[in-house]
Structure formats: structure tokens, C-alpha cells
Amino acid sequence: MAVLTVKDLCKSYAAFRLDHVSFTLKEGSIMGFIGRNGAGKTTTLKSLLNLVHPDQGTIEFFDMDFKKQEQEIKQLIGYAAGECNYYPKKKLETIVHYTKPLFERWDESAYRNYMQLFELDDQKKLCELSCGMRVKFSLVLALSHHARLLILDEPTSGLDPVSRDELLNIFLHLKEKGISVLFSTHITSDLDKCAEDITYIKKGKIIASESMEHYIDRFRLVVLPQKTDMDASKFIGIDHQKNCDTGLINTEDEKLFRDHKILVPDLETIMVHMERGDMIC
Amino acid sequence: MLNLLKKEFGLTGSPITYIFIAAAGMSMIPNYPILVVTFILSIGFSVSFQTARETQDIQYSIILPVKKRDIVKAKFLFVVLIELAVLILLTLIVTLKAIFLQNSVLYAENPLMNSNIAYLGYTSICFSIFNTAYLTQYFKTATRLGKPFLIYSLLEFPTIIIFETLHHLPGFSNLNSIRGQFCTLQVTVLLIGLLIFICTTLISYRVSAKKFEILDL
């Protein structure tokens with residue numbers, strides 16, 4: 001069953017447009033939402049929850065139309081936009097006191113467990129927490145009402161490597177319980193650890209939404225001599241390294257470069273070459 | 001809705017807003033433009049709305065399991081409940097004055113407005129100006145506070161001036177009496193004021209909810 005189906009989501013601003021964004025998230029899966037800064041990740045995630053009003057498109061959670069069943073859907077999802085900056089002068093305990101009655105499935109013991117796991121003291125004020133601790137608190141709020149889907153906008157930004165690893169392990173644990181996670185990031189190593197699907201957005205358009213393994217397998221990396229004079233149009237994108245250049249190609253074009261060293265790229269490499277593709281003169 | 005309202009009072013309501021409810025006591029002051037009590041309260045509201053902006057209350061509320069228009073409803077209820085609290089206090093003051101101070105020379109010779117039944121009507125109209133001008137403008141952006149307050153002020157001050165001068169017009173001097181026998185005219189003003197308050201507040205809520213629904217945050 002799809003926990004989230006987005007179809008033809010469009011939103012126009014003066015200098016940017018989300019252009020028919022469509023993707024689906026399966027139940028119990030973890031999807032990474034990737035793209036460079038300004039690609040439209042945050043706008044898309046905000047559109048899912050009506051923080052941004054889309055111009056057109058349909059958004060369904062658990063086969064329910066968001067426009068018609070907004071309240072019921074929000075009981076089942078948790079959202080966190082990175083660092084929690086709400087009510088900085090209030091104690092965490094106070095924020096939770098006014099938040100929890102709104103959730104039908106608030107679990108006080110789960111809340112206490114996550115607070116302990118993340119080493120958060122609810123007697124502290126939000127402004128007294130570090131950036132990373134604030135991210136953790138926003139996740140505690142999202143996790144404490146047994147959400148079936150978590151939508152997280154760059155949840156690992158600001159976290160130290162140990163905390164980041166901790167969080168990714170929590171995602172894997174949630175997946176085992178059948179909870180789905182959609183998180184945007186540009187730390188592609190996070191995706192290597194826990195995501196099985198990715199959706200790649202570039203300049204407001206979805207250019208891929210599939211399993212990460214399948215996506216990576218669609219590309220190969222050709223090692224080229226430094227300052228190569230090869231025709232750039234043969235490549236999706238070329239990146240200049242210290243000792244050589246690398247060019248990204250589709251796997252089916254591999255045979256055209258039999259005389260060159262071919263590597264299987266990782267996700268970060270694919271992204272860099274994809275984005276550089278627009279910058280080639 | 002009750003839980004959302006509790007959130008409003010607990011997380012974004014500024015102590016200054018609650019303290020300014022006590023400004024109702026200023027309606028006892030003779031030779032003073034007592035309708036400014038409504039303006040003082042509006043400053044208190046503005047502080048709460050500023051707190052809401054600085055603490056990203058709207059963004060937080062949207063991710064809670066509530067409809068977007070319920071956020072507007074909660075903010076309107078927050079304002080209206082405090083306005084009603086002030087009206088109740090003023091009613092108490094007006095009643096006490098009518099019982100114990102109706103022969104007071106200070107109020108009999110007061111060239112400015114006395115706090116009486118008509119005053120409650122004027123106050124209701126002044127509150128309706130805040131609800132209409134400030135709140136509808138606020139929900140257009142959920143961030144701008146200066147423009148809503150400016151528009152509200154531009155409407156509020158002339159209104160206060162008109163109401164202050166009304167009882168100086170021929171045939172309307174009874175509007176400023178604190179004695180019971182001149183109740184009919186004053187009760188009429190009160191009823192008109194309450195009707196305007198209820199109708200404009202309801203319309204303003206609908207307009208605000210519609211604007212807020214399409215707002216990008």
C-alpha cells in the first residue's frame with residue numbers, strides 16, 4: 001500500500017517553479033529525497049502539509065485526500081524541519097504539555113524513552129539546547145504519537161556523526177515496525193545506510209524516483225585524462241578532479257568507452273555530475 | 001478546539017495582554033478619553049501576535065493535527081475571549097457607578113465620555129474594528145504586524161473621536177448620563193454595538209480563514 005502518493009504537484013514563484021512533481025512512497029520503506037540547494041525539496045515537503053499552498057496536484061496519504069481529511073491524516077504523520085526553533089523561551093516540558101492533548105495516539109512512555117535515548121532534559125528551555133539537540137527534540141515530538149509516516153526535512157543537519165548514526169538506526173528500527181520515512185538530505189552517505197528508494201529533484205522537476213540500487217546501476221563513471229578535449233555532449237556531466245577528469249554516462253553507453261577505465265559511481269558522484277551537466281559549456 | 005485554544009493562551013499569549021485587561025479600570029477616570037482602553041488592549045494583543053511570530057507559532061500549529069482554518073479560529077477565539085472579559089469588567093464598573101456614583105458631580109460635569117451602558121456599545125464597536133482591520137490583515141501574511149496595526153489605528157482614532165463628540169450633539173446629551181432613567185437610548189447603542197461586534201467578527205473570521213488557507217509559509 002502506498003502511504004503517500006503525490007501526483008502532478010505544481011507551485012509557481014517568481015523565479016522558481018515546482019513542475020508536475022510526482023512520486024509514491026510505499027508502506028514500511030525509507031525514501032531519501034535528494035537534490036541540490038534550491039532544487040525544490042523543502043517546497044515539495046511543505047506542500048505536502050499545506051505549509052505551502054500548491055497551485056495544482058493531488059496529495060494522498062494512506063489513500064485519503066489531504067484536502068478532505070487533513071486532520072485525520074495529520075494524526076498519522078510526524079513532520080520535522082531540521083532544527084526545532086519554536087517557542088525558544090519555553091521549557092520542553094511546557095511545549096509538550098500543550099502539544100500532546102492534540103494527538104489521539106500520544107504515548108507518554110514512548111516520549112520518555114526517546115527523551116532518554118536522545119539525552120534531552122525537559123526542564124531545559126529550547127534556547128538552551130544546541131542545534132543538534134533541537135533537531136533531536138523535533139524528532140521526539142514526531143515519534144511520540146506513533147506516526148505511521150515521518151516527513152523530515154534535513155533531519156541530520158547539525159547532528160554530530162554519532163547522533164546522526166543513532167538517528168539513522170532509529171529509522172531502520174521504525175522501518176521494521178512498518179513505519180515509513182521520507183527525508184530530504186544532501187548528505188548522501190545517510191542514504192547509503194538506510195534508504196532503499198530515492199527521489200531526485202532538480203530545478204523543480206523530478207528526474208528519478210526509484211530504488212536507489214536501480215538508480216545507481218543506470219550510470220557509469222568514465223575516467224578521463226585531465227583537461228580532456230573529448231566532446232562533452234557524450235557525457236551527462238563532467239567533473240574535474242585533481243589528477244583526472246570523470247564523465248558520467250548511462251550504463252548502456254559503456255561500450256563506447258571500452259578504451260577507458262569505467263567505474264560504478266556512488267550516489268554523491270552521480271549528483272555532482274548531474275548538476276555539473278548544466279554547467280558544461 | 002479547546003486544546004488548540006489552551007495552546008494559544010499557554011504558548012503565545014503574552015503576560016502583557018493579560019495585564020492590559022486591567023486597563024478596564026481606567027474607565028472610572030473622569031475627564032479622560034476612556035475609549036482608549038480599547039486601544040491599550042489592542043497593543044496588548046499586538047504583543048501576543050508578535051510573540052507568535054517570533055516563536056514561529058503558526059508554522060508549529062500547522063504541523064499539529066488541526067485544520068488550517070482552525071488555527072485562525074483559535075486566534076480569533078483568543079482575542080474575542082479577552083475582549084469579552086474586558087466587556088464583563090466594564091459592565092461591572094458601569095453597574096457599580098450607576099448604583100453608587102450616579103450623583104457624583106465629577107461624572108455629572110464630565111465633558112468627556114462617562115462609562116455607562118452606551119460606553120459598552122462604543123467599546124464593542126471599537127473591538128469589532130480591531131477584529132476586522134487587524135486580524136484580517138494579519139492573516140494575509142501571518143508575519144506583518146505594522147500594516148495591520150496602522151490600518152486598525154487609522155480606523156480606530158476617528159471612531160473614538162466621533163463617539164467622544166456624539167453626546168455633545170443636540171439631542172444626544174443623554175448618551176453621557178450615568179443615571180438609570182436615560183437607559184433607552186443607551187441600551188439601543190449597546191445593542192447596535194453588540195450586533196456590529198458579532199456580525200463583523202464572524203465575517204472577519206471567514207475572510208481571514210479564506211486568506212490563510214492559500215497562504216504560503
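## Exercises on a predicted two-chain model

In this predicted model, 25 residues of chain B are in contact with 26 residues of chain A.

**Exercise 1. Describe the interface of chain B and chain A by its buried area and the residues that supply it.**

Solution. 
- Start with the area. About 2,500 Å² is buried between chain B and chain A.
- Next, the atoms. Carbon and sulfur give 61% of that area.
- Then the residues. B:Leu11, B:Tyr60 and B:Pro65 supply 28% of what chain B buries against chain A.

**Exercise 2. Find the polar links across the interface, then the helices of chain B behind it.**

Solution. 
- Count the polar contacts. There are 15 residue pairs between chain B and chain A, both residues being at pLDDT 80 or more.
- Look for salt bridges. The rule finds 1 across this interface. The side chains of A:Lys11 and B:Asp216 meet in a salt bridge, with N to O at 2.7 Å.
- Turn to the helices. H1 (2-12), H4 (57-62) and H5 (68-100) of chain B each supply at least two residues of the side that touches chain A. H1(B) gives the most, with 7 residues.
- Sort that side of chain B by class. It has 11 nonpolar, 6 polar and 8 charged residues.

**Exercise 3. Which parts do the salt bridges A:Asp197 to A:Lys26 and B:Lys75 to B:Asp57 tie together?**

Solution. 
- Take chain A. The side chains of A:Asp197 and A:Lys26 meet at 3.1 Å, N to O. A:Asp197 lies in strand E9 and A:Lys26 in strand E2, so the pair ties together parts 171 residues apart in sequence.
- A:Asp197 is buried, at 7% relative accessible area. A:Lys26 counts as partly exposed, at 46%.
- Take chain B. The closest N and O atoms of B:Lys75 and B:Asp57 are 2.8 Å apart. B:Lys75 lies in helix H5 and B:Asp57 in helix H4, so this pair ties together parts 18 residues apart in sequence. Both residues, B:Lys75 and B:Asp57, are buried.

Terms used
Residues are numbered from 1 along each chain as its sequence is written. Chains are lettered from A and ligands numbered from 1 in the order in which they are written. This is a predicted model: local features need pLDDT of at least 70, side-chain atom pairs count only at pLDDT 80 or more; totals for chains, interfaces and linings use all residues. Side-chain values use heavy atoms; hydrogens and water are left out. Contact means heavy atoms within 4.5 Å. Buried area is the accessible area (1.4 Å probe) that two parts lose on being put together, summed over both. A salt bridge is a side-chain nitrogen of Lys or Arg within 4 Å of a carboxyl oxygen of Asp or Glu. A polar contact is a pair of N or O atoms within 3.5 Å; within protein, one must be able to donate a hydrogen and the other to accept it, and residues adjacent in sequence count only if both atoms are side-chain atoms. Helices (H or I, at least four residues) and strands (E, at least two) are DSSP runs, numbered from the N terminus. Ala, Val, Leu, Ile, Met, Phe, Trp, Tyr, Cys and Pro count as nonpolar, Asp, Glu, Lys and Arg as charged, and the others, Gly among them, as polar. Buried means under 20% relative accessible area, exposed over 50%, partly exposed in between (1.4 Å probe, protein chains only).
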